[in-house]
Amino acid sequence: MHRFSLFRGKLEGPWCINNGVGAAAIGVVLITASLLVGPSWGCHIPAIYNFGDSNSDTGSVSAAFSRLPPPYGETFFGKPSGRYSDGRLIIDFIAEKLGLPFLSAYLDSIKPNFRHGANFGASGSTIQPADAKLFGAGFNPLSLNIQLLQFEQFKDRTKEAFNQDKSSWIKNNLPRPEEFSKALYTLDIGQNDLGFGLVQTTEEQVRASIPNIIDMFAVAVKKLYQEGARTFWIHNTGPTGCLPFHAVWNRPKHFKSDQNGCIKSYNQLAQEFNKQLKDKVFQLRTQLHHAVLIYVDIYTAKYALISEAEKQGFASPLSDPSKHISWDGAHYTEAANKWVANHIVNGSLSDPPISLTKSCHSADLPS
């Protein structure tokens with residue numbers, strides 16, 4: 001059983017290493033793939049395009065607003081890398097699994113390389129468009145609809161660049177236009193929508209807002225489909241009630257905790273969100289006839305890690321982030337991200353149970 005305690009402004013125990021607040025959510029990864037050669041060979045995937053929030057932001061907000069300070073990035077990069085962690089994120093481990101370099105943030109102007117994809121994910125982003133209330137509460141204006149507009153522009157300008165100039169710089173720094181239609185899109189966004197509601201409204205209002213949020217999510221999937229996306233890798237949302245940001249620093253007045261010290265009702269809201277998301281994915285399968293939609297149960301992976309923290313080696317002195325799950329109260333450590341990534345890429349938590357390396361679409365579709 002893992003409880004939380006405050007020590008010198010930080011959380012003590014296997015969960016958390018730093019005291020910080022950040023908006024976490026769910027992100028969209030677009031993985032450009034070639035044709036599936038055979039059942040035992042998997043896919044050759046030349047690029048990834050990511051859409052999301054701080055769970056997958058590799059530098060968008062840090063480039064657009066203010067750079068993250070140390071000790072962010074210290075474990076792997078040795079300096080702040082624009083990631084809301086001490087090191088790599090799940091999207092980084094996905095890239096590594098596919099043999100690809102880490103994604104450059106679309107908004108980063110310093111030495112970006114988009115040959116193998118681009119990252120549109122931005123910390124604090126939501127599915128619902130950011131209005132004055134969301135922005136005033138500290139959430140990002142770069143909501144999912146804005147990220148889609150950025151992707152559309154990126155795609156159009158890439159095609160224009162190849163039509164006008166086939167220089168070595170273009171070929172080395174931009175994706176091939178024909179690769180956009182051979183793509184796997186992993187959507188992992190929505191946690192901030194729940195987080196905003198839990199901080200600003202009531203649990204009943206949050207529950208009532210879920211259907212509309214899920215409908216907006218479906219609209220985003222359809223827009224990507226119209227842009228040529230055919231294969232989607234869709235993450236559900238994690239156990240919000242287990243984030244120390246909620247479970248320690250912003251506890252509601254009256255709440256029940258589960259055996260892990262998580263806020264039970266908050267996790268129930270996350271589970272309801274996931275149920276409706278899964279139902280919507282099933283519905284989209286009947287509407288988008290040329291699409292493959294893979295639903296990935298991130299919630300189960302993260303909650304299993306939290307439940308088995310000590311068994312999995314996540315218990316040590318506060319100074320070692322490799323032994324903690326939460327980095328700053330709202331985001332996971334590199335060690336935790338790696339653990340979760342290792343438990344989802346094999347397809348065991350996917351519906352249908354397709355591994356990441358065999359997720360590409362087999363049809364030669366126009367871009």
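## Reading the model

Modeller: Begin with the contacts along the chain. Of those with a separation of 6 or more, 74% join residues 24 or more positions apart. Keep in mind that this is a predicted model.

Biologist: How many helices and strands does the chain have?

Modeller: Its secondary structure consists of eleven helices and nine strands. The chain has 367 residues, and 58% of them are buried.

Biologist: What does the pLDDT average over the chain?

Modeller: The average is 86, and 86% of the residues score at least 70. Residues 1-13 have a pLDDT below 50, and the model gives this stretch 42 contacts beyond near neighbours in sequence. Residues 19-28 also stay under 50. For residues 19-28 the model has 67 contacts beyond four places in sequence.

Biologist: Now the helix pairs. At roughly what angle do α7 and α9 cross?

Modeller: An angle is judged against a cut-off: under 35 degrees counts as roughly parallel. Helix α7 covers residues 203-226 and helix α9 covers residues 264-287; their axes cross at roughly 30 degrees and come within 10 Å. The two helices are therefore roughly parallel to each other. Their crossing is right-handed.

Biologist: Which residues of α7 and α9 meet?

Modeller: On the α7 side they include V206, I210, I213, I214, F217 and V221. On the α9 side they include Y266, L269, F273, L277 and L284. Charged residues take part too, among them R207 and D215 of α7 and E272 and K280 of α9. By class, the contact has 13 nonpolar, three polar and six charged residues.

Biologist: And α6 with α7: at roughly what angle do their axes cross?

Modeller: Here the cut-off at the other end applies: over 145 degrees counts as roughly antiparallel. The axis of α6, residues 191-200, crosses that of α7 at roughly 150 degrees and comes within 9 Å of it. That makes α6 roughly antiparallel to α7. This crossing is right-handed. D193, L194, G197 and L198 of α6 make the contact with E203, V206, I210 and I213 of α7. By class, that contact has five nonpolar, one polar and two charged residues.

Biologist: Take a single residue next. Is N337 buried or exposed?

Modeller: The test is relative accessible area, and under 20% means buried. N337 has 6% relative accessibility, so N337 counts as buried. N337 lies in helix α11, residues 334-344. Leaving aside neighbours within four places in sequence, N337 is in contact with S85, R88, L89, I90, F93 and Y332.

Biologist: Which residues of α11 are buried, and what covers them?

Modeller: The buried residues are E334, A336, N337, W339, V340, A341 and I344. Their cover includes the helices α2 (90-97) and α10 (298-307), together with the strands β7 (231-235), β8 (292-296) and β9 (350-351).

Biologist: β8 holds I294. What is the relative accessible area of I294?

Modeller: The value is 0%, so I294 is buried under that cut-off. Not counting residues up to four places away in sequence, I294 touches L184, F232, W233, I234, R285, S350, D351, P352, I354 and S359.

Conventions. Residues numbered from 1 in each chain as written. Predicted model: local features only at pLDDT ≥ 70, side-chain atom pairs only at ≥ 80, totals over all residues. Heavy atoms only, no water. Axes fitted to C-alpha atoms, helices over the stretch in contact; angles between N-to-C directions. Helix = DSSP H or I, 4+ residues; strand = E, 2+ residues; numbered from the N terminus. Parallel < 35°, antiparallel > 145°, perpendicular 65-115°, else oblique. Left-handed = near helix turned anticlockwise from the far one by under 90°. Contact = heavy atoms within 4.5 Å. pLDDT = per-residue confidence, 0-100. Buried < 20%, exposed > 50% of the residue type's maximum accessible area, 1.4 Å probe, protein only.
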